[in-house]
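Subject: Structure handover

Hello,

Here is the model we talked about. Please open it alongside this note.

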Amino acid sequence: MQLTLWTYEGPPHVGAMRVATAMEGVHYVLHAPQGDTYADLLFTMIERRNARPPVTYTTFEARDLGGDTAQLFQTAARQAYERYKPQAILVGASCTAELIQDDPAGLAEAMRLPVPVIPLELPSYQRREHWGAAETFHALVRALARRDIVRTPLEGRRPLANILGPTALGFRHRDDLVEIRLLLAALGVDINLVAPLGASPADIATIGQADFNILMYPEIGDTAARFLEKQFKQPIVRTVPIGHGATCDFICEVAALAGVDPAPALALGSRMPWWSRSIDSTYLTSKRVFIFGDATHAMAAARVARDELGFEVCGLGCYNREFAREVRAMAGEFGVEPLITDDYLDVEAAITAAQPELVLGTQMERMIAKKLKLPCAVISAPVHVQDFPARHSPQMGFEGANVLFDTWVHPLVMGLEEHLLTMFRDDFEFHDSAGPSHLGAGHGGGKAAAAPDSPQPSNSPAEEPEGWTADAEKELLKIPFFVRGKARRNTEAYAASQGIAAITVATLYEAKAYHAR
């Protein structure tokens, strides 16, 4: 066990809560001490849901450990059924309750409640949140899916699909689902069910009626999808439609399975292909980007960055080890060292060493990039409240491709304002102590500020090496931020090759001339 300030994933029972909260008619009885009820805030405060999760906690205290905590669990389970009348009940233990070994599954079975009771065996000290969500969804499907369903032949009717993976507290899951529905409607494909999000146990019972399954989020739906493939012979659409190219591939894969014409859906299109080639975007070509997040979003982002925006991927990694093999394979394809870790300090060290010009990551990487003064866009959970916007903001589909362009490119483009302020920082009107120009004289904002000609802190992505003189650092700030990192690397490489210990303004321009040959 490791004490940490930040964590990429919660324990597996939080993943189970995400599935239960996403569904209708499901209740989760969680054997847990008082402190583990914090998870409610993830849904009500971060995701801004208007109702608390359908979870009943036993909330045992230290004094209860000397008594019968098993009876405490059975009482909580019985009261939960009588109050909420769910169609199915999940039972499990939090990481703390796991240590007292009360066996919630056996206790619940002995109660003989009149609804399906699905036990969850989630090893809290070996696994994490996404794995817990995947196992919970898989357990629900195994327990509730009717085995006697016989699909009618596809001829003479519209194709029918299941959409698997979206949950509560998912990064843009709600908006992504809107885009997937739009694409399927254009293809003439009907939806049998969406699960876990919005599905009830009665819906899960009919999951075998679909002709194929669309796997939106492999971290959550892959285990259940493989079970359905084996049990009901349902093919899986595995292309994740993040980016213009992947969306086109997704449409063609669905059309091939459904036996329909992909043209109507392909005609919807996005603005990304043209905008990424437009004159105000061409200067972004070959910008170095570091990507880290869950495997699905990180790998999709790497393809979009390289193939659709012309970025150079200088770092790629994920925090969920269950998909480490896929990420390592893609990192090999991109010629970079894969980073598989759930320690944010490892990620910070890798970003610092890579010196990218843009970071694509989670809320963690947003904070790291802010510390290193780098542009950043969030592409993956974990996220904070600002990444559950009120507006429609998908990552998938053609509209999702438009959102990606805006989200990734604007931090680079809008950073030009920072560069202009840096260029004019010595101007009488723009220096830090001048205050708002439209207020006239005498309005310095009341803040202590540096004099116009005082040395300014560096905006470079890494710490200033000791070999840089103050004048050289100041001259470096005149270089636009989006190429400043490259200028720094080139200058340091030149200085090392020439045996120069102290980098001066002259060294900076000598390096510029050397690399321009």
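Below is what was found in it, with the cut-offs used.

This is a predicted model, so local features need pLDDT of at least 70 and side-chain atom pairs count only at pLDDT 80 or more, while totals for chains, interfaces and linings use all residues. Residues are numbered from 1 along each chain as its sequence is written, and side-chain values use heavy atoms, with hydrogens and water left out.

Helices (H or I, at least four residues) and strands (E, at least two) are DSSP runs, numbered from the N terminus. Two strands pair if DSSP finds at least two bridges between them.

Axes are lines fitted to C-alpha atoms, for helices over the stretch in contact, and angles run from 0 to 180 degrees between N-to-C directions.

β12 (residues 358-361) and β13 run parallel and are joined by three bridges. V359 has C376 of β13 as its bridge partner.

Contact means heavy atoms within 4.5 Å.

**The four-stranded sheet**

Another open sheet has four strands, ordered β6-β5-β7-β8, again with parallel pairing. β6 (190-195) and β8 (236-237) stand at the edges. Each has a single partner strand, so one side of each is left without a neighbour in the sheet.

Strand β7 (residues 212-215) runs parallel to β8, and two bridges join them. I214 has V237 in β8 as its bridge partner.

Helix α6 (residues 173-187) packs on this sheet. It touches β5 (160-164), β6 and β7, and its direction makes about 160° with that of β6. Helix α8 (residues 218-232) lies across β5, β7 and β8. It runs at about 165° to β7.

**Aromatic pairs**

The structure holds five aromatic pairs. Rings of Phe, Tyr and Trp (its six-membered ring) pair if their centres lie within 6.5 Å; planes under 30 degrees apart count as stacked, over 60 as edge-to-face and the rest as tilted.

One of the pairs is Y8 with F292. It is tilted, at 5.4 Å centre to centre with 55° between the planes. Y8 lies in the segment before α1 (12-22) and F292 in strand β9 (residues 288-293), so the pair ties together parts that are 284 residues apart in sequence.

F292 also pairs with Y319. This pair is tilted too: 6.4 Å centre to centre, 50° between the planes. Y319 is in the loop between β10 (312-318) and α13 (324-334), so the pair with F292 in β9 joins parts 27 residues apart in sequence.

Y8, F292 and Y319 form one aromatic cluster. Y8 and F292 are both buried. Buried means under 20% relative accessible area, exposed over 50%, and partly exposed in between (1.4 Å probe, protein chains only). F292 has 0% relative accessibility, and Y319 is buried at 3%.

**Charges over rings**

A charge sits over a ring if NZ of Lys or CZ of Arg is within 6 Å of the ring centre and within 35 degrees of the ring normal. The charged end of R306 sits over the ring of F334, 4.1 Å from its centre. The charged end of R488 sits over the ring of W468, 4.8 Å from its centre.

**Cysteines**

C248 is buried, with a relative accessible area of 19%. C318 is buried at 0%.

**G397**

G397 lies in helix α16 (residues 397-423). It is buried, with a relative accessible area of 0%. G397 touches E179, L183, P241 and T247, not counting residues up to four places away in sequence. The C-alpha atoms of G397 and F250 are separated by 9.0 Å, and the two residues are 147 apart along the chain.

Best wishes
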